[in-house]
Amino acid sequence: MPYAIDLFCGAGGCSEGLIQAGFHILFSSDISDMVEKTYMNRHEQLGLIQGKNTWFERADIRMDIQ
């Protein structure tokens, strides 16, 4: 099975296409908390399980504004 990551994933359209093409999403990320909710909801509607079929992580992303 091929693997992929989706950086700046937004609502997850690219992840969805990758999954349909047979990829396993190792990691997806975006800085927006609204995007996180949309991404996870969208993929749950497709029958995907967070951490098994797809993955979203926002906790490790920092925005340092000086």
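Predicted model: local features only at pLDDT ≥ 70, side-chain atom pairs only at ≥ 80, totals over all residues.
Residues are numbered from 1 along each chain as its sequence is written, and side-chain values use heavy atoms, with hydrogens and water left out.

Colour by secondary structure. The protein chain has two helices and two strands, in the order β-α-β-α along the sequence. Helices (H or I, at least four residues) and strands (E, at least two) are DSSP runs, numbered from the N terminus.

Select Ala-4, in strand S1. Ala-4 counts as buried because its relative accessibility is 11%; buried means under 20% relative accessible area, exposed over 50%, and partly exposed in between (1.4 Å probe, protein chains only). Beyond its neighbours within four places in sequence, Ala-4 touches Leu-18, Phe-23, His-24, Ile-25, Leu-26 and Phe-27. A C-alpha distance to display is Ala-4 to Ile-19, which comes to 9.2 Å across 15 residues of chain.

Ala-4 also belongs to the largest nonpolar core, whose seven residues include Cys-9, Leu-18, Ile-25, Val-35, Tyr-39 and Phe-56. Such a core is a set of buried Ala, Val, Leu, Ile, Met, Phe, Trp, Tyr and Cys residues joined through side-chain atoms within 4.5 Å. Select Ile-25 next: residues up to four places away aside, its contacts include Ala-4, Leu-18, Tyr-39 and Trp-55.

Move to helix H1, residues 13-20, where Ser-15, Glu-16 and Leu-18 are buried. These three lie on the same side of H1, because they cover an arc of only 165 degrees around the axis, taken from the directions from the helix axis to the C-beta atoms. The buried residues of H1 pack against strand S1 (3-7), strand S2 (24-29) and helix H2 (33-45). Gly-22 follows H1 and has a positive phi, near 100 degrees.

Show Met-1, Tyr-3, Ile-5, Leu-7, Phe-8 and Leu-26, which make a nonpolar patch of about 760 Å². Areas come from the Shrake-Rupley method with a 1.4 Å probe; for residues, only the protein chains shown count as cover. Patch residues have over 30% relative accessible area and no salt bridge, with nonpolar side chains (Val, Leu, Ile, Met, Phe, Trp, Tyr) joined within 5 Å and like charges within 9 Å. A salt bridge is a side-chain nitrogen of Lys or Arg within 4 Å of a carboxyl oxygen of Asp or Glu. S1 supplies the largest share of the patch, three residues. Leu-7 is in S1 and counts as partly exposed because its relative accessibility is 45%.

Terms used
Contact = heavy atoms within 4.5 Å.
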